Amino acid sequence: MSKVLKFGGKSLASLHTNKNLLNIIANYLETSSLIIVVSAIGNTTDLLLELLEKAKANKPYADHLQELKALNFYPQINTEEHFKLIENILQGVSLIQDYSPKVQDLLLAQGELISSKVVTQLLLNHGLKATFVNSTQLIKTDAYFTAANVNETLTELAVQTEFEKLADKKLIVLGGFIGSTAENEVTTLGRNGSNLTAALIANYTQAEEFLNFTHVDGIYTANPEWVASAKRIEHLNYSEANELATFGASILHAKTIVPLIEKKIPLRILNTLNPESTGTLISAEPTPNGVKSLTVLQNVALINFHGKGLFGKVGVDARIFNALAKNNISVSVISQGSSERGLGFVVNDSEAASAKEILEYEFQQDFYTKDVENISINNNIAVVSIIGQDLKSFHKPYSALVKNGIVPILFNNSVSGKNISLVIEKAQFKKALHVIHGQIFGVNKTVNIAIVGKGTVGSVLIDQIIASKNQIAERKNIDLNIFAIANSHSVYFSTNGFNTDWQDQFQTPQTNSLSSIIEYAKEHHLENLILIDNTAAESLPNRYNDFINNGFDIVSSNKIANTLSFEFYKNLRENLKKNQKQYLYETNVGAGLPLIDNIKLLHLSGENITKIKGVFSGTLSYIFNLFSVENKPFSEVLRAAIEKGFTEPDPRDDLSGTDVARKLLILARELDLENELQDISIQNLIPSEFQSLTVQEFLAQLSGLNNHYDDLKQQLKSNEVLRYVGELSGDLQQQKGVLETKLIKVDKNSALGQLSGSDSIFEIYTESYGDRPIIIQGAGAGAHVTARGVFGDILRLAEKK
Ligand SMILES: Nc1ncnc2c1ncn2[C@@H]1O[C@H](COP(=O)(O)OP(=O)(O)O)[C@@H](O)[C@H]1O
Ligand SMILES: N[C@@H](CC(=O)OP(=O)(O)O)C(=O)O
């Protein structure tokens, strides 16, 4: 018994330096006779096709031809006969500026004819007695040039007759991919066809094994060129491998597996360049259930057949598929959706136009009676197949896709095996692969983050994410990848994600437009997108919808979006709902304190929140905690707060009460109250004569505030302290609540009175808790706690993705 060994183009690419091919053949030859099937050397087939196209366009091609000659040069092998033919064909094509599929096949076949002669000579030179066989004589096909169908009876006969004659030869070499018609016109079996040649020879010679030497370590869970985290598969059964081949895993020709099944010949995919790898075994042995791999068909088109009048009528489908089959057009995915959508099916894009014509002819009578309305072609699609997927658990990859803005145009599960194919927009196929692969194979899912704002909170957050990245990857299987960092005028990108030295990673901004973040994500097929807004910018919230429409969730420490008009607030939420996206802003009130989520949950669970009251501002907390108990003028306390960096650059932004009012409004809207900022009664702590000063003037005159605040302090009883509070009350079942911010006197033994440092406190009164409010208290400001809070929101989103 013999073994069939097939070597792909890349395995032959550097024959002079690469000893692996010789070693592999010599090793196997010690224990078995061998039939070696070879593809054309390197990218010869692609070069030949390019030459044809150049000649057809009447462009110069001499350089290209030279490249081809160099690639196929081997001493002692006279390639003149082949190159004469190649040059003649190209001259002819240049003259008439066209070529037929028959001419294409004759030209391409020269690649495999040369390589099989070269490999024979190489083996002979190394003392291995190799015999060359011209495979165009063995593989008999129909005349469907460029993708000819093998005539199995004639081929079996030809192979067996030839191999009987060669019974005493232990090492035979032949070219894959090529054959000939009954009239001896040269044909090819379609791209990657050498695998099919090898499988047929294995069948007809009853080989014990088919070893397919390629340049990757085996079959992977997805094309490793597209999905870097794809894993090698140890074992596939025939039916899985067949689905894989049929649905586009270009590592196998679509028809490779069938000839092996009949005689149960095992196929092993191995790597010529890495002989250590055990590769992938394909055999009749059963394998565990579950998804095995993802494949893509790219050169396809979707035909939509609209014919409401015909549905329900017997025999329509048969008419469609018979008409196509008669013309040798095969259909890979079929979906008969709702009657409005008619029937959709996928064909090779090169056959789409003739498929349409054939059907228009077949159904001309039905067009006339208006039973068929329209037959259209969509070339802008790809088919992603999930091999091994059953319908039971399909909802998971499906919803992962939808969350990433990829809505399949149609899908079906194959009749031939466990496999679901999705027709999607061509531009989205790589992203779809990443999303499904991450979802199914439990390998880490990547969450791609763009951070706008690299001030105090922004930069602390970036450091925090980078520092915790590895732990999160290990514990949660989530890879947090910061792909963009921006401020109001510059955007910086990093293909592999920013890391510890992120500050040095961007010396010059790559662009200044925030839209480029969206473009970059599209171009790089990034999935699971989050935009972080760590700015205080008024303008950025207006861009949120752009990001949401393009697949981003939003996390924001910026309060603006929640405090613009209620109309804006509502529209944003409607758009989030429409796009199934989320917007988290836990840090908008109380920085890192778990406030908003708790209020949301209480409200959602039907708990009637009757009042929320508290010290919402860490800055004002610090100022009045200190001022109330220490014997210091107000200006001195305020200066201490400024020096500690607790205030905004202009402290009047804090003292005006607007920040507290915004927080109050955000909480009110969580309770479904439709208040506007203007509805809030805000006590401005700046006496009117100080309100129109410049910042510098104001800072120079702080002591002017002392009299006013001393007066207030005088009025305090011995057990009282001052607190600046926000309060939300009224009938909260109504559309609007009563919202006010004010400086009040409280008992120093009360919860509010006991507040210290720059802590915030929130008292949440509800019907069930009566007059004992839920109290949330702690550091309510500061870059570190705020960044932690934003980080918490990111993780919340990442886990749901
Ligand atoms: N699931 C998959 N596993 C491994 N490789 C795949 C897969 N799908 C597609 N490929 C592609 O198949 C290529 C190998 O097949 P091919 O080019 O025919 O090799 P060769 O020319 O060496 O025979 C790889 O470069 C890889 O990109
Ligand atoms: N040379 C042909 C046939 C083939 O199978 O090649 P490879 O084994 O290198 O994919 C092609 O490029 O399509």
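## Two crossing helices

Helices α2 and α5 cross in the right-handed sense, a crossing being right-handed if the near helix is turned clockwise from the far one by less than a right angle and left-handed if anticlockwise. Helix α2 covers residues 44-56, and its axis comes within 9 Å of that of α5, at an angle of roughly 145°. Helices (H or I, at least four residues) and strands (E, at least two) are DSSP runs, numbered from the N terminus. Axes are lines fitted to C-alpha atoms, for helices over the stretch in contact, with angles from 0 to 180 degrees between N-to-C directions.

This is a predicted model, in which local features need pLDDT of at least 70 and side-chain atom pairs count only at pLDDT 80 or more, while totals for chains, interfaces and linings use all residues. Residues are numbered from 1 along each chain as its sequence is written, and chains are lettered from A and ligands numbered from 1 in the order in which they are written.

From α2, Thr44, Thr45, Leu48 and Leu52 meet Gln104, Leu107, Leu108 and Gly111 of α5; contact requires C-beta atoms, placed from the backbone, within 7 Å. The residues of this contact divide into 4 nonpolar, 4 polar and no charged. Here Ala, Val, Leu, Ile, Met, Phe, Trp, Tyr, Cys and Pro count as nonpolar, Asp, Glu, Lys and Arg as charged, and the others, Gly among them, as polar.

Strands pair if DSSP finds at least two bridges between them. Strand β1 (residues 2-7) pairs with β2 (residues 33-38) in the parallel sense over 6 bridges, and Leu5 has Ile36 in β2 as its bridge partner.

## Ligand surroundings

Around ligand 1 there are 19 residues, of which Gly8, Thr214, Tyr220, Asn223 and Ile251 come nearest; a residue is near a molecule if its C-beta atom, placed from the backbone, lies within 6 Å of it. This shell divides into 7 nonpolar, 10 polar and 2 charged residues.

Ligand 2 is surrounded by 13 residues, the closest being Gly8, Gly9, Ser39, Thr45 and Ser194. The shell of ligand 2 holds 2 nonpolar, 10 polar and 1 charged.

## Domains and their contact

The domain assignment, automatic or from a database, gives domain 1 (2-41 + 112-215), domain 2 (293-438), domain 3 (445-590 + 790-800) and domain 4 (596-780). The C-alpha centres of domain 2 and domain 3 are 36 Å apart. Their contact takes 9 residues from domain 2 and 7 residues from domain 3.

On the domain 2 side, α13 (395-403) and α14 (429-440) are the elements that give two or more residues. The largest share, 5 residues, comes from α14. That side divides into 2 nonpolar, 4 polar and 3 charged residues.

## Strands around β26

Strand β26 (residues 738-747) pairs with β24 (residues 681-682) in the parallel sense over 2 bridges, with Thr741 as the partner of Ile682. Strand β25 (residues 720-729) runs antiparallel to β26 and is joined to β26 by 10 bridges; Leu728 is partnered by Leu739.

Methods. Two residues are in contact if their C-beta atoms, placed from the backbone, lie within 7 Å.
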